[in-house]
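Please open the model in a viewer and keep the selection tool at hand.

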Amino acid sequence: MKKNLDTIILFAFFMGVFTILMYSVHTDMQAHIKHIVDINNNEKSYPPNFAFYWLVNILSGFSDKYMRPVTILLMSVVSVIKYIVSKRIIAELNPSVFFEQSHSRILNLIAISLFFCFAIPDPYSFLILNKMYLGRFAPIVWHNSTTIMLFPFAILLFWRQLKVFESVDNLKIRDVIILNVLVFLNIVIKPSFIFVYAPVTLLFILKNTTKYSIRKTLLILTPIVTAAIIIALQYFLIYILQIGSIQEERSSIALSYPFTVISTWIPKWYVPISLLLSFTLPIYTMIFYKEIFKFKPFIYSLHLTITGIIISAIIIEEGPRMYHGNFGWQNVICSYLLFLSTLSFLAPKFISANSRSKKDIIALVILTLHVLSGILYLTKIISTKSFS
């Protein structure tokens, strides 16, 4: 019981937060539940990313009455799993540090801090724009059920792929199957992360093909092939057949001038400032800890994040979903992975107060600012009943 106290407390916390959000704040969760109700009334069909809708429907016994409580429970469970997986990754990346039981509390604190890491607000965004979330590249989201459900599976895909990169010489069919299953689960929950995972992972594989045999190259390419096939099928179902859309009007995909969507929330001149305040800790770490560029989890997550930002900057939906920012959801996942890998790198430097250098203390102060920003953001959502 004592060993899992952090998990129990977090679960209770999530249950409380999602209950407040469900019944007091207008979010995407209510819209997704309404879509399930419409499905049961034969007014809508399941979308190609059906997993959340199908699971809530099954768990609620197809009853409108239980859909909100089931969604609250599901969001709380996947958030706890996200915490457990993140904590394990940090520990596995620092086995000599967190092997000692005495350091378990610090590990818990670092993992919990990830749940509140948020873009640091400034007077202009907070007082003039009156926004904390829209226009930022936030590593957490509280209002979108499919993204929240996607998180643990995206993190697991990131982690399992890294392990495959590190152990290609001892590659097992089981590892490849797990990757393919995780790719499938990611897509049927929400395909956003796969938009960056597929091209970036392909780039990493092609960069090292000379080190691999033809058989191993083909094996490690299968998740990319799986992703391409299912994404192509989803594109056909969503944009050609218009199956499962919440909106009635047709939508399509197009290229745009950079940051067309985000500029509806913030001025374009403010985008660099938004990037700086969203990624202050990773940027600081890159400047003052050059050795992080040898830390593969960070390099992988950095490539994912940059690719995600580029996609959100130049690809848009035309039609009723144009300003929904649906090609920006990968930024939430990738930002989290960037913070996860940054904190995994910094964790050993935070352990002992006696051995911390000045730059370690500054890094800890910046992390604290990110965490306090996340707490402020959650407080703002609840008090203003708006997630913007």
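A residue is called buried under 20% relative accessible area, exposed over 50%, and partly exposed in between. E92, at 30% relative accessibility, therefore counts as partly exposed. The structure on display is a predicted model.

**The salt-bridge network**

Select E92 together with R88. Their closest N and O atoms are 2.8 Å apart, and the two residues form a salt bridge. Both belong to helix α4 (residues 64–93), where they are four residues apart, about one turn of the helix. R88 is exposed, because its relative accessible area is 59%.

K163 has 32% relative accessibility, so K163 counts as partly exposed. Taken together, R88, E92 and K163 are linked in a network of salt bridges.

**From helix α8 to helix α9**

Stay on helix α8 and select R160, then D175. A salt bridge joins R160 to D175, the closest N and O atoms being 3.3 Å apart. Here too the pair links distant parts of the chain, with R160 in helix α8 and D175 in helix α9 (residues 173–189), 15 residues apart. Are the two partners buried or partly exposed? R160 is partly exposed, at 21% relative accessibility, whereas D175 is buried, with a relative accessible area of 14%. The count for the model comes to seven salt bridges.

**A nonpolar surface patch**

Next, select F50, W54, I58, L59, F62 and F184 and display the surface. These residues form a nonpolar patch with about 580 Å² of accessible area together. Which helix supplies the largest share of the patch? Helix α3 (residues 51–59) does, with three residues. I58 is found in helix α3 and counts as partly exposed, because its relative accessibility is 38%.

**A buried leucine**

Move to helix α1 (residues 5–24) and select L10, which has its place there. L10 is buried, with a relative accessible area of 6%. Leaving aside residues up to four places away in sequence, L10 touches V80, Y83 and I112. Draw a distance line from L10 to V80: the C-alpha atoms are 6.8 Å apart, although the residues are 70 apart in sequence.

**The cysteines**

Select C117 and C334. A search of the whole structure finds zero disulfides. C117 is buried at 0% relative accessibility, and C334 is likewise buried, at 1%.

**The whole chain**

Finally, clear the selection and view the entire protein chain. Its secondary structure comes to 16 helices and two strands. The radius of gyration is 21 Å, close to the 21 Å that the globule rule gives for 388 residues, so the chain is as compact as a globular protein of that length. The C-alpha atoms fill a box of roughly 65 × 55 × 50 Å along the principal axes. Buried residues make up 54% of the 388 residues. Of the contacts between residues at least 6 apart in sequence, 75% join residues at least 24 apart. The chain exposes about 17,600 Å², with carbon and sulfur atoms supplying 68% of that area.

Methods. Residues are numbered from 1 along each chain as its sequence is written. This is a predicted model: local features need pLDDT of at least 70, side-chain atom pairs count only at pLDDT 80 or more; totals for chains, interfaces and linings use all residues. Side-chain values use heavy atoms; hydrogens and water are left out. Patches are made of residues with over 30% relative accessible area and no salt bridge: like charges are joined within 9 Å, nonpolar side chains (Val, Leu, Ile, Met, Phe, Trp, Tyr) within 5 Å. Accessible areas come from the Shrake-Rupley method with a 1.4 Å probe; for residues, only the protein chains shown count as cover. A salt bridge is a side-chain nitrogen of Lys or Arg within 4 Å of a carboxyl oxygen of Asp or Glu. Buried means under 20% relative accessible area, exposed over 50%, partly exposed in between (1.4 Å probe, protein chains only). A disulfide is a pair of cysteine sulfur atoms within 2.5 Å. The radius of gyration is taken over C-alpha atoms; the globule rule is 2.2 Å times the number of residues to the power 0.38. Contact means heavy atoms within 4.5 Å.
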